[in-house]
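Subject: Structure handover

Hello,

Please have it open while you read.

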Amino acid sequence: MSNADYPLDEVARAWLVKMRGEDAARLRGEFETWLAASPEHRASYRRIEQALEQSAILKSSRHHGLARASARSPSAHRRWLPAGSVAISALLLIAVGANILMPTGSNDSLIAARAAEPLVTRRGEIRTFKLPGGATATLDTDSRLEFVNANNHRHLRLTRGLARFDFGDGGAPFRVEVGGSVISGDKAELDIGIADSSGIVIRVLRGKAQMGPRAAIGAGHIILPQPEPSRYLSAGGESLQPQMPTRELPSADWPSGWSEHRSISLAALAREANRYATRPIVIDDNATGRLEVSGRFQVSRPEHLAGRLGQLFDLSVEKRADGIHLNQR
């Protein structure tokens, strides 16, 4: 099988992906040969390139997925793809244009928090609060943060959802209560999320933090790792033991409403986006759910994302009362 077995635009898309990858230098000569072989090659490549520049979606061919898109010389009579089954993958590039609405909570929309009131976000909302004294707390969708003591604005309690705390202002040490545990430290930036009734998921982005039982602060502390998220049991009188690293937290750029992945299944991406959805994305068959995508996705806009994924994989997108259904055509 040679590249002649595929539609010209699919080959052009494959080259566009390859020439933006790690093997671009090695493949440069072969690419130039393909480009010069025909005016139609050059025209097709330029057309696909312009579509990317205008920022829509670039998808790698179903035949030339990122993980398997190593180009081979047609003159050597080698297959473009290895024998056997080929996992479908795609590259989704969505440009951040001025016409894209970002969720509430970007750094230029800080809201001053008052220690007398809880900080709350609705479903689908991301919001950043400026805490008294200069620190900030960014709350993910459907989250709630309370001040434990109105006289100590760095003593907080997370009762629902996920929050990013930035205590890098050099102020006093902080304490964040979650369940039966307390996370403490100073000059740190970290994500803290409630995984379930007994789980806490933490990612330390900058600095160091400690965790211990709320009832015995100062005893049994552990130093939290960074920067990969880990899952812990809420203290509740039990010894604190770190669990295995986890993917229960969204990617580190979640406060922007976007999520970046080298590879993620449509099912997993839908679960991530559905945290923000009033009308969830529903994938009706396992084969569609196993399709893989790579790139940066605006998960805070589930309906928009569903439409893009439908475009990307040529899926039907049907809005029903129970959600937005993605299906093979």
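Of the 329 residues in the protein chain, 45% count as buried, meaning under 20% relative accessible area, with exposed being over 50% and partly exposed in between (1.4 Å probe, protein chains only). Please keep in mind that this is a predicted model, where local features need pLDDT of at least 70 and side-chain atom pairs count only at pLDDT 80 or more, while totals for chains, interfaces and linings use all residues. Residues are numbered from 1 along each chain as its sequence is written, and side-chain values use heavy atoms, with hydrogens and water left out.

First, the overall picture. The protein chain has six helices and 19 strands; these are DSSP runs numbered from the N terminus, with helices (H or I) of at least four residues and strands (E) of at least two. Taking contact as heavy atoms within 4.5 Å, 53% of the contacts between residues at least 6 apart in sequence join residues at least 24 apart.

Next, the cores. A nonpolar core here is a set of buried Ala, Val, Leu, Ile, Met, Phe, Trp, Tyr and Cys residues joined through side-chain atoms within 4.5 Å. The largest one has 28 residues, and Phe165, Phe167, Ile183, Leu190, Ile192 and Ile202 make the most contacts inside it. Several strands supply at least two residues each, including E7 (152-160), E10 (181-196) and E11 (199-213); the largest share, five residues, comes from E11. Beyond its neighbours within four places in sequence, Ile202 touches residues including Ile183, Leu190, Met211, Leu224 and Leu249. Apart from this core lies another of 24 residues, among them Leu266, Val293, Leu312 and Phe313.

Now for an open sheet of three strands, in the order E16-E19-E18 with mixed pairing; two strands pair if DSSP finds at least two bridges between them. E16 (281-283) and E18 (315-320) are the edge strands, each with a single partner, so one side of each has no neighbour in the sheet. Neighbouring strands are turned by 30 degrees against each other on average, direction ignored. E18 and E19 (residues 323-328) run antiparallel and are joined by six bridges, and Ser316 has Asn327 in E19 as its bridge partner.

In H4, the buried residues are Leu266, Leu269, Ala270, Glu272, Ala273 and Asn274, and their cover includes E16, E18 and H6. Buried residues of H6 include Leu305, Arg308, Leu309, Leu312 and Phe313. The twelve residues of H6 should span 16 Å, which agrees with the 16 Å between its end C-alpha atoms; the expected span is 1.5 Å times one less than the number of residues. After H6 comes Asp314, with a positive phi near 55 degrees.

Finally, Lys18 sits in helix H1 (residues 8-18) and counts as buried because its relative accessibility is 6%.

Best wishes

How values were computed. Axes fitted to C-alpha atoms, helices over the stretch in contact; angles between N-to-C directions.
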